[in-house]
Amino acid sequence: MNTIGKTATFAVGLALVFGASLGIGHAVGPVGDSAEAHAGHDMAGSADPMGSGDTVPGGLQVSEHGYTLVPPSDPLPAGKQTDFRFRITGPDGRPVTRYTQSHGKDLHFIVARRDLSGFQHVHPELGADGTWSVPLTFGSAGTYRVFTDFVPAGGSGLTLGADVSVAGDYRPTPLPAPSRTAHVDGYTVTLSGDATAGAASMLTLSVAKNGRPVTDLQPYLGAYGHLVALRQGDLAYLHVHPQGAPGDGTTRPGPGITFHAEFPSATAYRLYLDFQHQGKVHTAEFTVQAAASHDGSGSGADMPDHDGHDH
């Protein structure tokens with residue numbers, strides 16, 4: 001029996017706001033945001049700024065406002081490419097076939113294992129019957145969280161999430177320690193600024209290659225950088241974009257990409273920065289620990305600097 005069919009009967013910038021933005025709601029509150037974020041898919045779902053309301057964070061629900069993510073139910077193979085197929089059903093119970101594009105795509109699909117490893121950001125193809133499909137390889141066994149970020153035609157932005165199982169011997173990966181430097185594909189990305197819970201935080205991600213600042217970043221999905229953040233523990237989800245846009249006359253193509261952020265709780269977050277250079281997309285990953293604000297909001301410690309000492 002088709003795995004989608006077997007699950008269909010149950011429900012399962014930049015200004016950066018850890019709220020319902022393409023994913024995080026009241027439990028994760030906002031992370032500062034652009035006007036576009038408020039207007040579209042970057043603010044999926046409803047949520048109050050600091051998590052004091054009754055809404056459920058985007059990305060933590062499989063169903064919201066009548067829309068349901070229907071993923072495969074059978075265990076998936078590890079280390080082998082699979083044709084990952086899923087559907088979004090609407091309030092009428094039928095697969096949704098019409099979407100409003102956001103950041104150049106009808107749907108953004110994010111994957112991460114529950115231990116925050118194995119991150120992927122891909123864009124599936126939509127079939128005429130409402131089935132989405134994408135070639136996907138899960139590198140190792142475990143439980144993965146999949147997120148669908150989309151705007152149904154005539155509706156507002158939503159981020160739905162569901163767990164899928166990958167068969168095999170699960171060996172969890174410890175969360176990397178907080179660091180201000182990430183290395184990927186010969187690039188060095190440096191993070192400056194401090195993450196503070198409940199207060200405005202300015203974070204700048206600067207890209208360099210071979211020791212030289214990169215000043216010719218290329219647009220990727222309409223921006224010079226895309227940031228996804230997942231909160232450790234519940235994987236509350238946020239997808240944001242930098243303030244400004246390529247070609248607007250003021251936004252520079254690197255080396256720095258700045259985010260004005262408000263972290264709602266003092267805990268660990270994993271950040272994933274997508275950027276494009278010389279025709280290829282790269283993903284730099286960071287762990288940050290949001291510190292308690294001076295007014296006592298939350299608890300935690302500052303992110304260490306290059307030598308590992310707290311500020």
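The model is a predicted one, and its chain of 311 residues has 49% of them counted as buried. The secondary structure of the chain consists of two helices and 19 strands.

**Surface**

**A four-stranded sheet**

- Four strands form an open sheet in the order E6-E5-E9-E10, and their pairing is antiparallel.
- Because strand E6 (120-122) and strand E10 (158-166) stand at the edges of this sheet and have a single partner strand each, one side of each is left without a neighbour in the sheet.
- On average, and with direction ignored, neighbouring strands of this sheet are turned by 20° against each other.
- Within the sheet, strand E5 (residues 107-113) and strand E9 (residues 142-150) run antiparallel and are joined by seven bridges.
- Ala112 has Arg145, a residue of E9, as its bridge partner.

**The largest pocket**

- The volume of the largest pocket is about 200 Å³, and among the 16 residues that line this pocket, Gln243, Thr251, Gly256, Ile257 and Thr258 are the closest to its centre.
- Sorted by class, the lining of the largest pocket comprises eight polar residues, seven nonpolar residues and one charged residue.

Technical notes
Residues are numbered from 1 along each chain as its sequence is written. This is a predicted model: local features need pLDDT of at least 70, side-chain atom pairs count only at pLDDT 80 or more; totals for chains, interfaces and linings use all residues. Side-chain values use heavy atoms; hydrogens and water are left out. On a 1 Å grid over the protein atoms alone, a cavity is a set of points where a 1.4 Å probe fits but cannot get out, and a pocket is an open set with protein on both sides within 12 Å along at least five of seven lines; lining residues have an atom within 4 Å of a point. Grid points are joined across faces, edges and corners, and a volume is the space filled by probe spheres set on the points. Ala, Val, Leu, Ile, Met, Phe, Trp, Tyr, Cys and Pro count as nonpolar, Asp, Glu, Lys and Arg as charged, and the others, Gly among them, as polar. Buried means under 20% relative accessible area, exposed over 50%, partly exposed in between (1.4 Å probe, protein chains only). Two strands pair if DSSP finds at least two bridges between them. Axes are lines fitted to C-alpha atoms, for helices over the stretch in contact, and angles run from 0 to 180 degrees between N-to-C directions.
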